[in-house]
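Welcome! Let's walk through this structure together, one part at a time.

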Amino acid sequence: MMAGVRPGRLAVVVPVVTGVGLLVAAALLLPGRLEVDQAERRALPEPAATAVSSLPPVATPAPTPVPSPPRPLPPAPPSLAVLIPTADAADLAALTARLIGEGQKVSTAQVAYDLVARRRPAVALAYLAARPDGSAPATWRLRIDLLHKAGRHAEAAALVAAAVKAKGAVPPADLIAAAYAIDQPDLVIAAAASGAIPPPDGALALDLARRADKAGRGDWIVALDRATRADWRAADPWLAIRVAARNGDSAAGLRAAARLPADQRDAAREAILTRAGDKAGLRRLLLARAEAPGAAREGIAEQLLAAGYRDDAAAVLRRAAAGGSPSTPAARRLLYLIGPRPGAADLAWLREQAGRGSAAEQLAWLTVYADRARPREALATLAAHPLGGRTDVLLLRASLARASGDDAGARAAVAGLLDGRPLDGAQLRRLSAVVPADRDPAQAAAIAKRRIAGGVAKPRDALDLAWAAWNGGDAAGTVRGLQPYLAAHPRDPGALRLMADAQARTGGARAARPWLERALATTDDGRTQVELLERLGQRGEAVALVEQLRAEAPQDRSLAALHARLLIAQGKPGAAQAVLAR
């Protein structure tokens, strides 16, 4: 016990002194800030990829491979740690060698990472170069990173290129990450080819293929396919199609297109075949597409036409138009394509359509067929058709018969129309237009009566009724029928002569004379003039006119006969005989 100290005070001072001493000892045992920083940086070194963040990005890249960091290293001895911030590479290399020789636990990698942690990449590079194990595989990734930090990118690339050729010299993950860091994915492909890394898996192969496609390097794609069996084309068919197109390999492009979603395949195949100029392949594709239910056949037909396959386009349009009306877009396009005079196959198809669908649709197709077939063939088809007795079809048959000169066929059709069925004004007008030139008088009269009753009569109808009355022996009816007609056509020589005949029968020669004179004044035909002059009793003028006509046509025997008859009427039989003897 210390002299002069009271026992009561010792009880207080001793515990205080002891506590202070313990605190001081604990503070001395704790690591300093430098030791903590070094330990943290050694435990979590910076990945090599961060050294080239300024490189331009690539299209659709996969995340750059980042290798796992090395295992945490033990702290450097205090005698070495204090020199890390300031010493040069040579001094640090010498001290490292001395400490290792003394048996202390220190490594080249440990010192290099400490230099990196103190942001001294150039010294770290020089230190590694000065150490005999500074180029060991364990420091390869660190050297790549340090070269980038020091701005020595060409040396970093050379180091990666050298590693590509040396199998097993560098961990595969480190080599891949370094090649991506210098934006040279082709080195990854070369490494796989040399065996420096395993063959790329599907994800890596796909990313390498995309980068090669963006760079336009088909040779990289070839090398990649040799280095791996991973099917990157299945993962990105569009990429495979682009690559195939660049190589001019349409077969490969089509194989890739087969892997696309169903709604994209046809468009891709069409683009591939079009780009390749494979017209035959495009034709097969379009025809197969046209067979699909719900296909847009009109558009497919236009594509076939553009490719030069007119017959195929017509066949597709026929399928699209079958069973419908001629007014559908497909039918209209087909009719334009086959033209006004189609071939036998197209005509047969039109006849077939005329036997399908509703009556209205059949009638529409019959009209289309009749407009394009030869009149005689169309007339036979319409006459045999179940709708051949309908009013519209009969009118069409009469028109075809007149166009083909078939008067008998025209009269048969007109007879069907005049069987008592109702005819509207438009139908009556059409009927009048298709009556054959060699009209049957009875039919002409019946048509005239129907037109008059239907309120669509023309003056010609009155003339037809007048002729019908004359042929029936009704001279008075003839006069009544001619009056309205001649009021509208006062210079019709034929009607004037008929009026003269009717007047002669009802009122004698005196009643007929004014009409004969009017007929003579309106006719330009020489023979008719001769006959009219004779009926008017002007035989001398008639003989003079016939002699003039014979001078113009001396070989005309009918004029000679007319001349002789006039001479006989004048009481000159000898002269008549001389005329006939010439």
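What follows looks at a core, then at some charged pairs.

This is a predicted model, in which local features need pLDDT of at least 70 and side-chain atom pairs count only at pLDDT 80 or more, while totals for chains, interfaces and linings use all residues. Residues are numbered from 1 along each chain as its sequence is written, and side-chain values use heavy atoms, leaving out hydrogens and water.

Let's begin inside. A nonpolar core is a set of buried Ala, Val, Leu, Ile, Met, Phe, Trp, Tyr and Cys residues joined through side-chain atoms within 4.5 Å; buried means under 20% relative accessible area, exposed over 50%, and partly exposed in between (1.4 Å probe, protein chains only). The largest such core has 41 residues, and V160, L175, V188 and W232 touch the most other members. Helix α11 (residues 202–215) contributes the most to this core, with six residues. Helices here are DSSP runs of H or I, at least four residues, numbered from the N terminus.

Helix α11 also carries charged residues. Within this helix, R211 and D207 sit four residues apart, about one turn. The two form a salt bridge, with their closest N and O atoms 2.7 Å apart; the term requires a side-chain nitrogen of Lys or Arg within 4 Å of a carboxyl oxygen of Asp or Glu. Both R211 and D207 are buried.

Another salt bridge joins D213 and R242 (3.1 Å, N to O). This pair links distant parts of the chain, with D213 in α11 and R242 in helix α14 (residues 237–247), 29 residues apart. D213 counts as buried because its relative accessibility is 11%, whereas R242, at 40%, counts as partly exposed.

Technical notes:
Helix = DSSP H or I, 4+ residues; strand = E, 2+ residues; numbered from the N terminus.
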